Amino acid sequence: MTETVLGQPTFTGIAFFLLFVAATLYITYWAARRTRKTAEFYAAGRSITGLQNGLALAGDYMSAASFLGIAGLVSLRGYDGLIYAVGFLVGWPIITFLIAEPLRNLGKYTFADVVAYRLKQRPIRTAAATGALITVLLYLIAQMVGAGSLIKLMFGLPYEIAIVIVGTLMIAYVLFGGMLATTWVQIIKAVLLLGGATILVFLTLYQFGFNYLEMFSNVTQKYGEKFVQPGGLITNPIDAISLGIALMFGTAGLPHILMRFYTVPDAKEARKSVFYATGFIGYFYILTFTIGFGSAALVGQEIISKIDKGGNMAAPLLAEALGGEIFLGFLAAVAFATILAVVAGLTLAGASAVSHDIYVGVIKRGRADEKQEVKAAKIATLCLGFLAIILGILFKGQNVAFMVGLAFAVAASANFPALFMSIFWKKFTTQGAIWSIYTGLFLSVFLIILSPTVWVDILKNSQPIFPLKNPGIVSFFGAFVAGIIASWLTKEKEAEEKFETEKIRSYIGIGAE
Amino acid sequence: MRKGILNSEEFKEIVRGKNAISIILTILELLIYFGFILLIAYNKEFLSQKIYGPVTVGIPVGIGVILMSWVLTGIYVLWSNKIYDEKVSKMKEKIGGEL
């Protein structure tokens, strides 16, 4: 393979993309007429089935960065790419066992609903929404910057134009179609991504007579035995565990993922939806792993790293090599769709933290009617959407890879511990929650700045002040310790009494909305 | 009424059963994943051994972590659908769905 049309707008690529945009805008139009009340805007009227939500959860989670990035990582570093992918899956069982059902039974629209269930509304909602917003913003910036560069690589579109297109479409979905449109955008994207990756794997395996051994032999002959052995990704065990904690519990603290559990009618559907999601995401990572190996074998590392140093174009190059320009066009459009769906989910989650938690919960002290709240949510969507576009352009060319790791660390430390303790611990108090959230937030942000990831790689100092690349292990346990100590020091009788009702509602769903 | 539910044997059994299965499966998942990480950190040689042709031990182990995570969520959902839901609906019937 010597020539590639990658980096130029192709007719098929544009055609597939326009088809996707037309279909999703039609859905948005359809959803807009069903999106008037708050339960409709935030939670699609709780009308989504378990399987649909499973696909939508997978759609929210499988970003273009993980598809192109992990395939690329595998193609250049072999087995280490698989280790990385595994970390992104293992949070899902934790959500299933500990979070999904109580969350669905106790809350209404945001995870702050659950944390604030029996504690003092205003300080808790302020703290929880802060954690949610910081997680969402970090993740959003990383996605936007990634989107701009990926679209430039694939279609040759200028970075700023790509950002504006992505931003405008995501605002349109969320603003007019609320959660219903966002959910269906996720479902379509998940089906396209899983379908596209499956076809690509099928075409790859066809080259090897549907025999994985042939493919492994091919790559080990080309790149040596090292390719199928663990390499340099994990050298320091504490570093690896720290990242592992952030990925595992961070997944269980991502606001846009947690919010999805309110779109199903009850806890049973919530539980089923995580099972489907885990299956889809696991299957997706196995496909991605195969695509990485396939592109190393059939395209070759030299070409892959020549086009993009990080290997991000491994999957599109493989698609072109095996399915020609048409399949490349299809896959490029799917990657574009993937970016759009993820940022739409994030924007909705961020907007609801602003409107439901801050505006209604804190400013209006819980006294706002349906109309006012939907209006606030729409204004928040617009503001957050524009902010995402501006930040995407401001951060052009910056190294934002660490932001995903930081978003997971914040989610694991600020969001998860407080949510977990509020569900399971009777003596958890308002002060406990506040200390837990702010400690987790502060530690994860402060320590990552002092870590090799930022202090050395970005700020160009020679020695890190904090030794670990991801602060997860310190900030996660730190948030628990702070929450426990503060709760011990401040007894809250009212909260303890309300725990009884909470327990009944959490376990058997009486009173759930 | 609330006290009645909380102190009833049925409710205590529901909570005990649910907590037990949640804790056991969570610990299993933690062992599987962090076991995998520690294995990579401390025993790369083991994972680098060939088992079949070019395939190293690490490949089925890595894929296995993904599959086991899914299987564990499957066990949880199956248990909940079969046993937990039935107990909950019996309890709800008894108290009439109101507090």
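**Figure 1. Helices α4(A) and α8(A) are oblique to each other.** This legend and those below describe a predicted model. The axes of α4(A), residues 64–77, and α8(A), residues 121–155, come within 10 Å and cross at roughly 60°. The crossing of α4(A) and α8(A) is left-handed. On the α4(A) side the contact is made by A64(A), A65(A) and L68(A), which meet Q143(A), G146(A) and L150(A) of α8(A). Four residues of this contact are nonpolar and two are polar, with no charged residue.

**Figure 2. Helix α8(A) also crosses α16(A).** The axes of α8(A) and α16(A), residues 370–394 of chain A, come within 9 Å and cross at roughly 60°. These two helices are therefore oblique to each other, and their crossing is right-handed. From α8(A), the residues L140(A), I141(A), M144(A), V145(A) and G148(A) meet A388(A), L391(A) and G392(A) of α16(A). The contact of α8(A) with α16(A) divides into six nonpolar and two polar residues, and no charged ones.

**Figure 3. The largest nonpolar core has 224 residues.** The residues with the most contacts inside this core are V115(A), A128(A), A335(A), L340(A) and V343(A). Helix α15 of chain A, residues 314–363, gives the most to the core, with 32 residues. Leaving aside residues up to four places away in sequence, V115(A) touches I124(A), A128(A), A418(A), L419(A), S422(A) and A433(A).

**Figure 4. Helix α11(A) packs against α2(B) across the chain contact, and the two are roughly antiparallel.** The axes of α11(A) and α2(B), residues 9–42 of chain B, come within 10 Å and cross at roughly 155°. Angles over 145 degrees count as roughly antiparallel, which is why this pair is described in that way. The crossing of α11(A) and α2(B) is right-handed. Helix α11(A) contributes P237(A), A240(A), I241(A), G244(A) and M248(A), while α2(B) contributes Y33(B), F34(B), I37(B), L38(B), A41(B) and Y42(B). The contact of α11(A) with α2(B) has ten nonpolar residues, one polar and no charged.

**Figure 5. I238(A) is an exposed residue in helix α11 of chain A.** With 11 other C-beta atoms within 10 Å, I238(A) is exposed because the limit for that class is 12 or fewer. I238(A) touches L468(A) and I473(A), when residues up to four places away in sequence are not counted. The C-alpha atoms of I238(A) and P467(A) are separated by 9.9 Å, although the two residues are 229 residues apart along the chain.

Methods
Residues numbered from 1 in each chain as written. Chains lettered and ligands numbered in written order. Predicted model: local features only at pLDDT ≥ 70, side-chain atom pairs only at ≥ 80, totals over all residues. Axes fitted to C-alpha atoms, helices over the stretch in contact; angles between N-to-C directions. Helix = DSSP H or I, 4+ residues; strand = E, 2+ residues; numbered from the N terminus. Parallel < 35°, antiparallel > 145°, perpendicular 65-115°, else oblique. Left-handed = near helix turned anticlockwise from the far one by under 90°. Contact = placed C-beta atoms within 7 Å. Nonpolar A, V, L, I, M, F, W, Y, C, P; charged D, E, K, R; others polar. Buried ≥ 20, exposed ≤ 12 C-beta atoms within 10 Å, placed from the backbone. Core = buried A, V, L, I, M, F, W, Y, C linked by C-beta atoms within 7 Å.
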